Amino acid sequence: MEKNGLLHGDFTLPCSRDQAKVKELLWNSDSTVLLVWLEDVHSGADGHISTELQLWAVGNYHWYLKQSLAFGRDPQRAPACVHWDPQRPLRLHVVTRGWASLTYDWGWATDRSTGLDASDNANVAVIDGDKILVTTFRQGVVPPPMCSYELQLTSPVNLVTFLCQTQKSNHLAAMTADGQISVFGPDSGKPSTERPGGFRVVSLPLVLRNTYSVPGLPVAPLAIRQLLWLKEDLLLGLGTGMLPSSSTLLFLSPAPHPEAPNALSNRLEVAVDGVVTGMAYSFQSRTVALQLEDGQTRRLIWDSECPSVEDWTDFSGCPMNFPVPCVQMALCTVSEEEILLGLTDRSHLYAGDTQLASNVSSFVVYEDFLLVTTHAHTCRCLHLGTLTVKGLQEALGSDGGQNDETLRRVERGSKIVTVVTQDSRLILQMPRGNLETVHHRALVLAQLRKQLDCLKFRDAFECMRKLRINLNFMYDHNPKVFLENVESFITQLNSINHINLFLTELREEDTTGTMYPRPLNVPGPSPMTRAKKLDVVCDAFRHTMESMDPDKYCLSILTSHVKKTVPELEIALQKVHDLRAKPPGAAGVVGAEEALKYLLFLVNVNDLYDQSLGTYDFDLVLMVAEKSQKDPKEYLPFLNKLKTLEPNYQRYSIDKHLKRYSKALLHLSKCGEEHFPEALGLVREQKLFSEALELYPAHSPHYKALSCAYAEHLVAQQQPEQAGLLLWRCGEPGRALQAFVSASSWRHALCVAQQVPLPPDQLSLLARDMAERLIDQRRYAEAALLLDQYAKDCEEAISALIKGAVWEEALRLAYRHNRQDIIETDLKPALLEAFASHTSFLENNTALFGRHRNRLSVVLELKEKARLDMLDEDGPDCPDAELYSEASSVMSNSKHSSSISRISSRSSKNRRKAERKKWSLKEGSPLEDVALLHALADIISTVDKIREELHSLLKALVLFQYDRQAQKLQLAYEEALLMMEAAIPEVWSDGGLPSQTPVTGPDSTANSITASLQNQARPTSLPLPDAEMPTVPKMRSGVKWKLTILK
């Protein structure tokens, strides 16, 4: 009772007070089922009273009578003690007065029709005492405790089943507590659905066809505890066996004898060794599966002359049983093998003996899909045709990625009621009893794919509009087939608005790769050409509509022009202008005003106005302006001014106003000589030099002026050589010479100087000036050529060659000009100086290489020791051990890492500086080992680069009998190269690039191969991050630098 004294949550028993009395009320252990023990008030003629047990459950504030166990008047069968099991909530123990112990196990199940075609109404039946509440979810969703219609029976109902037959899946059979079976079917008379007052019946109720008795059944409650309606003339019943540990399958058919027209005969009985607790039927394979109380499964061969029961096995002949009993079963096909799915009362979902998930609250098999709801408040829809059992296990265990069509969130506690066949509607029931209809994305996309494959474009379009699916999917699903059937698409839609809607939603994005990815293991269509999707579809639609009826599809044709990658606004405006010039004569055809209004809806009015102005058609401009919100005082004076101008200058003014400068220059070039300064200003302002040079003859003064302007622009852009080429070809040698000199293009400069021509003294000065520039740029050989051939100064030329270490060329010029004195005064001292410099360079780099190499060994040993110490402390399975080994140093600190994390927003120069600071060679720095590797690689590369230079120096030293110095230099360089070659495999393996095979090949030496083989015997440390590890330097062993005469 409520606080205000009103009753709440009560219900009325289906009997009066003077008929029966309540002996006892018993709640089960989880308080979901209430047992009412009833006895008759008055005894019968034989002096005995009748006993009945009723099971009541509540949902959505309504009490349902779910089961009724009538024990009759036999005192030996009357219950003496009734008790709910304390551990299993739906198990009931009954002890009769005849000392018989009965145990009943119930489970929650949803009685639904399982047809595969659109004739199935997605019926769901709910037992409510002597009524069956039927809801047809194809016609509508009726929240409980209401329903589409009720079926009234004479006794309480215990079992309900639907006919498992195509086109007749709406037929229903019910077994009542008195042992009779009532059969319901659609009314064959097809009554009218119209009702007085204008109302219409959406769901026509089933009518009672017949009520059958089953002679020969034992007199006991639930003599048939489960029922399957396999065929119209065959029901499969499950009864008790001869032994308590056995069961009997009853094949019930209408009696053939006319004296018993309302009786079902037990045509055949099949004994099953074990207590059968569940039956499942597959509509596709017509298989009946049985489950025993210990979880074992059996297959019933029922459509043969001699029905039999056999073990359920897989392809290899191994038995497939549930590890634990399941309260719900369903058959499905996975990897071309029929398997049995089962759900336990502990929410574990099994496929045979394999556990798929452990948090499933409900499931249903629909066509090729498995739909499950989980305790994580999600609903999964998995395509069985593309997955294996292991794939199902992985899919149910994953969290799902972005745009995963198999997963959607649902309300807490949702459970599946049914799925509407040939549709995408999934009916869910909440814990409080109310219903929700959802369109699961996987079901929707599967339905759309089937419709598109069958070319049912209208059905697919309506579904996509209703469920807000991106219309691009219609094309992206199979572009080739769609383009081949554009006419069929237009014909089926038969709506200008729908065609326009499709065209306006087109995007370049491929929705089958982003929003609606294809299921795994499902191949996609062959890829189309690389042409733009928008252009291909718009062109195909426009050509098709123009061939069908251009007047009818006028607006859609305009849409196809506007929606292209580069909108064809000019063509669309021209079509509108043609409509205005030649109005269509047929009635109902779109006119110019309506077409223009629609065009303004698609395109920004300012863009359309500018585009119409770009057509140079003032009538079209006025037509667009009149439909816009522009003030006539703004555009009329501008248009009137344009009309007074010469045609080419008028178009120039329009193009310049629209910022179409290339077109403006073209029209301005046709306006005559007086407008050339304006054209030159436009070219300078908009940098249209290349376009301008194409508009004027090559030898005209205009061409020369444009070339000079272009050259000035190139000089400002630090491209003086190209500027010199333009000036030279247009007849400006003086300015061209200056440009070539500033670019150090000495060959072009000398050619121009000869063309001018320059006097010999000025030519010599020019050569000296350019030689100085070349020496500054370290182009010594070219500078020597200028000094020798043009400045006639052999001494300066030889000096430049000696400065650049071009020994052989310096020697050649000295002998050519008979200046052997320079050899003694300049060349030999320079050779000795070069020898000393190279010797010092090699000594310094060799010593530095050795120090870095030894320090790297120490750093790696410290890293390995720290890692082993950490393993000793935290155990061998410590997940942080590898991370610690990659920290590069045992002395890293958070201050450094925090400073490095702020570098991302700096300039590239600062980033390079930060990288250098990051790879510091300071002992104990965080990335000292990486810095050492980079330093070693730089030394090797630097030393290897001087092979050619050293070879030239050695030859010069030997020529002038400096054999001792040459021999010493060659030996030092050879020792440095051998040391570095031998160190490469050792250093880079220890640094994190382990080598499993010896370094061999044409670039290898005996020392490098030996070092590589020795290194394989030593353990290496863990690798450094790839982004920080420098590449292994390669030495150029193929370059010949040694002199054989030096030993």
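Student: What covers the buried residues of helix 24 in this predicted model?

Tutor: Helix 24 spans residues 780-789, and its buried residues are Tyr780, Ala783, Ala784, Leu786, Leu787 and Asp788. The cover over these residues includes four helical segments: helix 22 (746-755), helix 23 (760-776), helix 25 (794-803) and helix 26 (807-816).

Student: Why do residues three or four places apart in an α-helix point the same way?

Tutor: The answer lies in the repeat of the helix. Residues three or four places apart point the same way because an α-helix has 3.6 residues a turn.

Student: Are helix 20 and helix 22 roughly parallel or roughly antiparallel to each other?

Tutor: Helix 20 covers residues 720-729, and its axis lies 12 Å from that of helix 22. The packing angle is about 25°. Angles under 35 degrees count as roughly parallel. Helix 20 and helix 22 are therefore roughly parallel.

Student: Is the crossing of helix 20 and helix 22 left-handed or right-handed, and how many nonpolar residues does the contact have?

Tutor: The crossing of helix 20 and helix 22 is left-handed. Helix 20 contributes Glu721, Leu725 and Trp728, while helix 22 contributes His748, Cys751, Val752 and Gln755. By class, the contact has two polar residues and one charged residue, and the number of nonpolar residues is four.

Student: Which residue is joined to Pro757 by a cis peptide bond?

Tutor: Pro757 sits in the loop between helix 22 and helix 23. The cis peptide bond there has an omega of about -10°. The residue joined to Pro757 is Val756.

Student: What is omega for the cis peptide bond between Pro144 and Pro145?

Tutor: Pro145 belongs to the loop between strand 10 (131-136) and strand 11 (149-152). The bond joining Pro144 to Pro145 is cis, with omega at about 10°.

Student: Is Asn60 partly exposed or buried?

Tutor: Asn60 is in the loop between strand 3 (51-59) and strand 4 (62-72). Its phi is near 55°, a positive value in a residue other than glycine. Buried means under 20% relative accessible area, and exposed means over 50%. Asn60 has 23% relative accessibility, so Asn60 counts as partly exposed.

Student: Is Tyr61 buried or exposed?

Tutor: Tyr61 is placed in the loop between strand 3 and strand 4. Although not a glycine, Tyr61 has a positive phi of about 65°. Its relative accessibility is 73%, so Tyr61 counts as exposed.

Terms used. Residues are numbered from 1 along each chain as its sequence is written. This is a predicted model: local features need pLDDT of at least 70, side-chain atom pairs count only at pLDDT 80 or more; totals for chains, interfaces and linings use all residues. Side-chain values use heavy atoms; hydrogens and water are left out. Buried means under 20% relative accessible area, exposed over 50%, partly exposed in between (1.4 Å probe, protein chains only). Helices (H or I, at least four residues) and strands (E, at least two) are DSSP runs, numbered from the N terminus. Contact means heavy atoms within 4.5 Å. Axes are lines fitted to C-alpha atoms, for helices over the stretch in contact, and angles run from 0 to 180 degrees between N-to-C directions. Angles under 35 degrees count as roughly parallel, over 145 as roughly antiparallel, 65 to 115 as roughly perpendicular and the rest as oblique. A crossing is left-handed if the near helix is turned anticlockwise from the far one by less than a right angle, and right-handed if clockwise. Ala, Val, Leu, Ile, Met, Phe, Trp, Tyr, Cys and Pro count as nonpolar, Asp, Glu, Lys and Arg as charged, and the others, Gly among them, as polar.
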